[in-house]
Amino acid sequence: MNKWLPLNLKLQKLRVKLLNDPYYRLQSGEEVQIAAELGLGIDANQATVDDWLRLPGLSIHQCRSLVELSRAGVVFYCLEDVAAALGVPVQRLEPLKPLLRFNYYDNYSLDKPQLINPNTATVEGLCKIPFIDLSLAQTVIENRLAAGPYLSLLDFQKRLELSGEAIAQLMYYLRF
């Protein structure tokens, strides 16, 4: 972005980019700051690879590593934790701070759903997910055995021919 553009025009241009492209990768510390002002935030403990990739300066390998650590139970409490996980100086990540949120999740809370991987789950495990009955659970397993592992939520939806409404309910309980 041209640094001489008025802030209001920069906000408008970036807002259009962010609204039109949910995978838009921010290009600078200035864009990070503007995105934060627009209300964009990334929860470091729930972020996907795509979320991390929106941040400038992070490689795909670093993003995957952060997601794998989160899935393995590592909790990031602050920017220093992310820097330590990546093996980089915290000063390198400082420009990203306006967008990062470090929310705490109580693993014993009743309202936090247990994520289930449909590529490894049993019929009984799948039936524990709200909205999955015995018939659908059996279909998930049969399809997995016949066509291989599910690659993503979209792959899961297409192969099982599930509606958008069904996936909107299930996406909070599945991980791939």
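In the predicted model, F131 lies in the loop between α7 (123–127) and α8 (134–147), helices being DSSP runs of H or I of at least four residues, numbered from the N terminus. Although F131 is not a glycine, its phi is positive, at about 80°. A positive phi, of about 55°, is also found at E161, likewise not a glycine, and E161 is placed in the loop between α9 (153–160) and α10 (164–170). E161 is exposed, with a relative accessible area of 72%, where exposed denotes over 50%, buried under 20% and partly exposed the range in between (1.4 Å probe, protein chains only).

Residues are numbered from 1 along each chain as its sequence is written. Because the model is predicted, local features need pLDDT of at least 70 and side-chain atom pairs count only at pLDDT 80 or more, whereas totals for chains, interfaces and linings use all residues, and side-chain values use heavy atoms, with hydrogens and water left out.

The domain assignment, automatic or taken from a database, divides the chain into domain 1 (9–101) and domain 2 (123–171), the centres of which, taken over C-alpha atoms, are separated by 30 Å.

Technical notes:
Helix = DSSP H or I, 4+ residues; strand = E, 2+ residues; numbered from the N terminus.
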